[in-house]
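I opened the model today and want to keep a record of what I look up.

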Amino acid sequence: MPAEAVASGLSASTWSAADPLVEVRRLTTWFPVRSGVLARTVGQVRAVDGVDLTIRQGETLGLVGESGCGKSTLGRSILRLIEPTSGEVRFKGQDMLRMGPAAMRRMRRDMAMIFQDPFGSLDPRQTVGDIVGEPLEIHHLARTRRQRQERVRELFDLVGLAPSFVDRYPHEFSGGQRQRVGIARALAVDPTFIVCDEPVSALDVSIQAQIINLLERLQEKFNLTYLFIAHDLSVVKHISDRIAVMYVGKVVEVSGARELYQSPQHPYTASLLSAIPIPDPTVERGRERIILKGDVASPVNPPSGCRFRTRCFKAQPQCAESEPPLDTVRLGDHLAACYFPLG
Amino acid sequence: MSLHLLELEDVHTKLTLKTGVVRAVDGVSFHVDAGETLGIVGESGSGKSMTALSIMRLLPRSGRIDSGAIRFKGRELTGLSEDEMEEIRGTEMAMIFQDPMTSLNPVYRTGWQVGEPLQIHRGIDVRAALAAAIAMFKKVGIPEAEKRVAQYPHVFSGGMSQRAMIAMGLTTSPSLLIADEPTTALDVTIQAQILDLLRTLNRDSGMATILITHNLGVVAGICDRVIVMYAGRVVEQGRTEDVFAHPEHPYTWSLLHSIPRLDADDREPLKVIEGSPPDMMGLPSGCKFQPRCPFAVERCAKDEPELRDVRGHLARCWVTQAGTSLNGSVDAG
């Protein structure tokens with residue numbers, strides 16, 4: 001595709017700090033469903049199915065949705081930790097999906113990920129100092145052993161861990177401390193963009209605020225851009241500037257965080273909001289609740305048209321006929337994929 | 001004094017582990033009345049689940065009720081034989097758990113499992129039990145109940161499994177349902193469905209419910225009264241409205257101020273509870289929350305306070321018992 005190559009070359013050279021940091025276009029990530037002794041492909045899990053998303057420099061974009069909606073897959077696809085099936089992910093104007101390994105490796109230094117449980121996938125026999133220092137080696141960011149040690153101590157200090165902890169092992173740490181180690185590791189490469197995938201949902205309630213405040217402090221200090229993925233809309237609304245709502249592989253609504261709460265347009269967003277319990281008995285008992293019918297639709301066999309229509313209280317025949325694009329509702333920055341928005 | 005449906009008096013439950021003895025439940029007293037919903041809130045390790053398992057006598061092998069009384073309809077449970085206890089569990093008390101997927105037996109049809117308690121405890125035959133299971137499925141909102149009872153658990157979604165678990169618990173019309181984090185593994189829209197179901201069942205049947213959760217929003221939505229647990233102890237207890245409007249224990253106060261609220265409009269940093277949840281193997285002297293407490297005074301590290309009445313509900317705190325109001329206090333935290 002020569003036209004596209006030219007376009008991508010152009011935007012790479014003309015990208016400025018005022019442009020979006022990340023632009024996702026028509027991104028799809030499908031996984032094959034295999035069955036039988038020959039493991040033949042019998043279907044596709046459309047985990048991410050045509051997503052458009054823009055992440056601005058220095059902002060926190062919240063990404064919410066229920067389990068299986070594809071939010072984690074989207075986060076990983078953006079970092080190319082999972083190889084997307086098609087589409088574009090432009091980072092600072094360059095399409096990452098068409099990059100070779102060397103260019104990709106250089107790009108990786110600019111981005112990082114924070115996981116729900118940072119130790120789930122790591123070697124329990126590595127000291128936390130080595131865990132945090134590893135990205136420095138991979139990207140040759142420390143020339144000497146001493147430089148590396150200094151940087152690791154500096155990172156520990158940044159996330160509120162005593163530098164004397166560097167020689168300890170993961171099992172000696174509490175959940176909150178482990179997440180601090182995970183954050184220190186993410187910061188090691190001095191990234192501009194961090195995907196935070198459910199960073200507080202495994203933590204005790206009393207610890208969550210510590211980590212949320214830490215992430216906010218670090219963002220301010222280093223002008224970080226976050227994609228903050230979580231199922232807890234109260235947490236997401238607190239930390240995000242804008243929020244994107246996902247349902248079965250699609251972004252169905254995106255808007256400023258406050259506006260999303262005050263005037264949701266998509267019926268799914270409205271029911272999600274109404275389902276979140278508020279820790280105040282007087283408020284909680286006076287609330288009108290939308291109780292949805294049934295379960296989340298299957299990403300293997302999504303309903304025709306709008307995917308939410310099978311549970312929607314506003315669905316009309318039109319909703320089954322064609323899929324509403326994200327800009328069906330456009331109120332300035334506020335977009336929603338719905339023919340019958342709440343208004 | 002009227003008779004409570006369930007009454008716990010100074011219950012102590014110990015877990016004997018390889019690394020030492022943990023006082024998982026350390027002197028817990030409370031009651032539940034017919035028709036009410038009592039919330040038990042606490043973090044992991046606070047003793048909330050062990051309290052429930054002590055009531056049901058379903059403790060792990062390492063666990064033992066050391067002392068205290070558990071009376072159900074006036075009958076002391078702690079001295080009952082396993083057979084007698086099983087009869088009560090099958091007919092008068094039911095418990096549902098966080099993960100419905102692992103609580104259902106994968107090799108039996110769901111309808112058979114839901115009807116089984118009736119076969120065992122009411123002596124009815126398979127056919128009648130299946131009919132009862134269909135009726136229960138309808139009651140808990142499982143669509144196509146006639147078809148669903150013939151299916152195995154693996155085809156049920158999380159929300160449907162939890163409904164089936166609730167149906168199983170309710171077949172014998174128990175007077176007490178203990179629900180241990182029943183919605184924690186579920187998505188919020190499904191959580192809303194299940195809470196709505198519990199609310200309806202509670203209203204229609206007069207059954208009492210103990211709801212164990214870490215989610216203060218869930219408590220605010222459906223509990224009449226609430227107990228807050230910390231380090232195996234009850235630190236605050238009262239009517240839900242009172243406890244939320246003026247918490248009298250700094251732990252409750254801090255929790256309420258540290259969680260982001262959907263309806264809050266500010267972007268101020270959250271108030272943080274310093275430190276980590278307590279290490280049950282090495283609890284501090286005095287008040288167990290004192291090392292993390294923004295209000296602590298000298299006395300707190302020395303003596304442990306009792307649970308006493310403070311402005312209309314119970315709290316285990318020297319500071320509020322001495323008259324200080326946490327809400328009116330200087331900006332702590």
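Predicted model: local features only at pLDDT ≥ 70, side-chain atom pairs only at ≥ 80, totals over all residues.

Before counting anything, I noted the pairing rule: two strands pair if DSSP finds at least two bridges between them.

**Entry 1**

Strand β4 of chain A, residues 86–91, is joined to β5(A) by 2 bridges, and the two strands run antiparallel. With at least two bridges asked for, I put β4(A) and β5(A) down as a pair. Which residue is the bridge partner of R90(A) in β5(A)? I found D95(A) there.

Next I looked at strand β1 of chain A, residues 22–35. This strand runs antiparallel to β4(A), and 5 bridges join the two. E23(A) has R90(A) as its bridge partner in β4(A).

How many bridges join β1(A) to β2(A)? I get 12, with the strands again running antiparallel. S35(A) is bridged to R40(A) in β2(A). These two strands make a hairpin that leaves 4 residues between them. In the turn, G36(A) has a positive phi of about 80°.

Putting the pairs in order gave me an open sheet of 4 strands, β2-β1-β4-β5 in chain A, with antiparallel pairing. Which strands stand at the edges? They are β2(A), residues 40–55, and β5(A), residues 94–95. Each has a single partner strand, so one side of each has no neighbour in the sheet.

**Entry 2: the sheet in chain B**

I then turned to chain B. I found an open sheet of 4 strands in the order β2-β1-β4-β5, with antiparallel pairing. The edge strands of chain B are β2, residues 20–32, and β5, residues 75–76. Both have a single partner strand, so each is left with one side lacking a neighbour in the sheet.

Strand β1 of chain B covers residues 6–17 and pairs with β2(B) over 10 bridges, in the antiparallel sense. I looked up two of the partners in β2(B): L17(B) goes with G20(B), and L8(B) goes with F30(B). The hairpin of β1(B) and β2(B) has 2 residues between the strands.

On β4(B), I counted 8 bridges to β1(B), also antiparallel. L6(B) stands opposite F72(B) in that strand.

**Entry 3: α6 against α7 in chain A**

I moved on to helices. In chain A, helix α6 (residues 175–187) packs with helix α7 (residues 205–222) at an angle of about 15°, and their axes are 10 Å apart. Why do I call the two roughly parallel? Angles under 35 degrees count as roughly parallel, so α6(A) is roughly parallel to α7(A). The crossing is right-handed.

For the contact itself, I listed G175(A), G176(A), Q179(A), I183(A) and L187(A) on the α6(A) side. They meet I207(A), Q210(A), I211(A), L214(A) and L218(A) of α7(A). By class, this contact has 6 nonpolar, 4 polar and no charged residues.

**Entry 4: chain A against chain B**

How many residues does the contact take from each chain? I have 36 residues from chain A and 36 residues from chain B. On the chain A side, the elements that give two or more residues are α7, α8 (233–239), α10 (267–275) and α11 (281–286). Of these, α7(A) gives the most, with 7 residues. The chain A side divides into 17 nonpolar, 11 polar and 8 charged residues.

**Entry 5: domains of chain B**

Last, I checked the domain assignment for chain B, which gives domain 1 (6–229) and domain 2 (247–321). Taken over C-alpha atoms, their centres are 29 Å apart. The contact takes 8 residues from domain 1 of chain B and 9 residues from domain 2 of chain B. On the domain 1 side, I wrote down 3 nonpolar, 4 polar and 1 charged.

How values were computed. Residues numbered from 1 in each chain as written. Chains lettered and ligands numbered in written order. Axes fitted to C-alpha atoms, helices over the stretch in contact; angles between N-to-C directions. Parallel < 35°, antiparallel > 145°, perpendicular 65-115°, else oblique. Left-handed = near helix turned anticlockwise from the far one by under 90°. Contact = placed C-beta atoms within 7 Å. Nonpolar A, V, L, I, M, F, W, Y, C, P; charged D, E, K, R; others polar. Domains from an automatic or database assignment.
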